[in-house]
Each structure stands twice: as C-alpha cells, then as structure tokens.
Amino acid sequence: MTANLFIAGLELGGTKCVATLGSGPGDVREQHVVPTTDPATTLAAIEAVLDGWTFDAIGIASFGPIELNPARPNFGSIIATTKPGWNDTDLTRRLAARYGKPLAIQTDVNGAALAEARWGAAAGLSTHAYITIGTGVGVGLVANGRPIMGYAHGEAGHMRSARAPGDTFKGWCPYHGDCAEGLLSGPALAARFGRPGQEVADDAPEWDYFAHDLAALLHNLIVALAPERIAIGGGVMTKRPHLFDVVRAKVAASINGYGALAGYCAELDTRVGPPGLGDMAGPLGAIAMGLQALDR
C-alpha cells in the first residue's frame, strides 16, 4: 500500500464505535468516537464522519455474532447478539452502496488479532489469540495467519468452565447464563458486585472470582489450541493490569504441569499479556481489514 492510499476503519463495539482514517499505526490521520445506541442512529453518525473523508477502502471490525459466509443472504449482518436492537443489522451492503469502495468485514476480536499479527506483539507468530473484556467477551483465534472459521466464526467468549468453589452467581448472559461473557463482562461484573466494576476497589476479594473465571477460559484455549500468545484487551483488564499476574498464577495451577504445556506455563509472563498495540488494537483491526479489501 502506498502512502497516498487510506482506509476508513470502523471498529464497532457494544458501547462505542471508533472511526479511524489512516493506513497503520504510524499513519493515523483522523479518529472519531460515536456512541453505540440504536442501529439507525449509530450508522447515520458513522456515515456523517465518512462523508467528510477521502479513502480507498472500508474495513469493519464489529461486535457480533456476524454472518461471515459470503454465500449466505445475510452476509455482513449482525445476528443473535446480546446487544438490544441490533439483530439482523446489515453492516456491509449499506456502506458498500453508499461509498462504492472495496470493503472487508470481520469480528472485532479477529480484526484486533490480525492487527496484532501485522503490527503488534503477535508479529511473526502463526497461532495466537486476542481476547477483549468489556461490554461483552470476545475471543479472536488466528491459526496459520488466518482467523479460524468453520460453519461460523467461533464464540469462545460463550464457553463454559468449572466455577470457583462457593461461587453462586448465576451469570448475566441471556443465552447461557454463566458462560465467560456472563461472568466476566462489564454488565456481568455490575450484576455480580451490585455496582459497576470500576467502583470496586482493586484489592476487593470479589476480583478473585473474576481471576478464576478468566483463568478457566485461558485454560480451555491453551489446551485446545496452545496459542503462541494470548493478548487480553478491553476496558476491564486495561484498568487493572495487576490482575495479569493473578490470572497467570491461576492458569499455571490449573494446567498443573501437564505435558508440553508445563513449558508453556513457565513462559506465561510473555505468552499472556496486554496487546502490543494497546488500546489501538481494535481500531487498527478495522484498518487491517481495509488493507485486506485492497489486497483482494
């Protein structure tokens, strides 16, 4: 990509959407934040930003679930989401018709994982994961440089695992109750603690349940895929980086020296941590998708 080509990157999250104009981490020309409300209002606000830009492709990295099979009639639409009002929202046809530019779409976490591979802490790795913990819990999995895709994209954020002894919280997820999203997300923490997570002191004992549940999710990812690195982003962990050491210790105890993963756990300080791109991993994931659209 040459310096005079630009991407309109759209990272759609459950709380906010970030529109970024640029071509990579060293070339971000503009960035605007739009609150995520109802689809009509949110998309109109995004279009108002894009209407003022000149760009060559559009990249979308969105909360989901998203239909990513081009052969299906609802390709590019959000489906069965926990975000009220967003089911069956078409993200691609409207923008493609309005701007007439190449467009590519992925989940927000797969986009962030691809950005980490292109520019961040997963550069040079073939298999890695990106987890975001915020309004929801998303897990992006990349193997051999490509997001893992079967019948649909994976939903490891809705994985269930063993609960901590004495933990009776039923979980917040309207679909699965005590899945990872139902235990770890911002709304789940507010429901568990009786107040928003940011109002809970960093040393409060409630965070031990959070660390246990996150470590359980990591255990399952590690034994299933053994990703060379797992980046964890999103507002919850960004505001409490001290929890990384707690979670790493619980992961090592959970793996319990099993097989080759004993060596993996000896390197958790480098294998599990924040994204190399920091809080720009999500917005740059959308830029990475726009670059893929141009590559096609």
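Reader: Angles under 35 degrees count as roughly parallel, over 145 as roughly antiparallel, 65 to 115 as roughly perpendicular and the rest as oblique. At what angle do helix 6 and helix 8 pack?

Author: About 55°, with their axes 8 Å apart. Therefore helix 6 and helix 8 are oblique to each other. Axes are lines fitted to C-alpha atoms over the stretch in contact, with angles from 0 to 180 degrees between N-to-C directions. Note that this is a predicted model: local features need pLDDT of at least 70, side-chain atom pairs pLDDT 80 or more, while totals for chains, interfaces and linings use all residues. Numbering runs from 1 along each chain as its sequence is written, and side-chain values use heavy atoms, without hydrogens or water.

Reader: Where is helix 8?

Author: Residues 243-255. Helices (H or I, at least four residues) and strands (E, at least two) are DSSP runs, numbered from the N terminus.

Reader: Which residues of helix 6 meet helix 8?

Author: Among them are Trp-207, Phe-210, Leu-214, Leu-218 and Ile-222. On the helix 8 side, the residues include Leu-243, Val-247, Lys-250 and Ile-255. Contact means heavy atoms within 4.5 Å.

Reader: And helix 5 with helix 6? What angle?

Author: About 140°, with the axes 11 Å apart. So helix 5 and helix 6 are oblique too.

Reader: Who touches whom there?

Author: Helix 5 brings Leu-189, Arg-192 and Phe-193. They meet Glu-206, Trp-207, Tyr-209, Phe-210 and Asp-213 of helix 6.

Reader: New topic. How many aromatic pairs does the structure hold?

Author: 4. Rings of Phe, Tyr and Trp (its six-membered ring) pair if their centres lie within 6.5 Å; planes under 30 degrees apart are stacked, over 60 edge-to-face, the rest tilted. One of them is Phe-63 with Trp-86, an edge-to-face pair at 5.4 Å centre to centre and 75° between planes.

Reader: Why does that pair tie parts of the chain together?

Author: Because Phe-63 and Trp-86 are 23 residues apart in sequence. Both lie in the loop between strand 4 (57-62) and helix 2 (93-99).

Reader: How do Phe-193 and Trp-207 pair?

Author: Edge-to-face, because their centres are 5.4 Å apart and their planes at 70°. Phe-193 is in helix 5 (residues 186-193) and Trp-207 in helix 6 (residues 206-225), 14 residues apart.

Reader: Is Phe-193 buried or exposed? And Trp-207?

Author: Phe-193 has 8% relative accessibility, so it counts as buried. Trp-207 has 3%, so Trp-207 is buried as well.

Reader: Which rings form a cluster?

Author: Phe-193, Trp-207 and Phe-210, linked by ring pairs.

How values were computed:
Buried means under 20% relative accessible area, exposed over 50%, partly exposed in between (1.4 Å probe, protein chains only).
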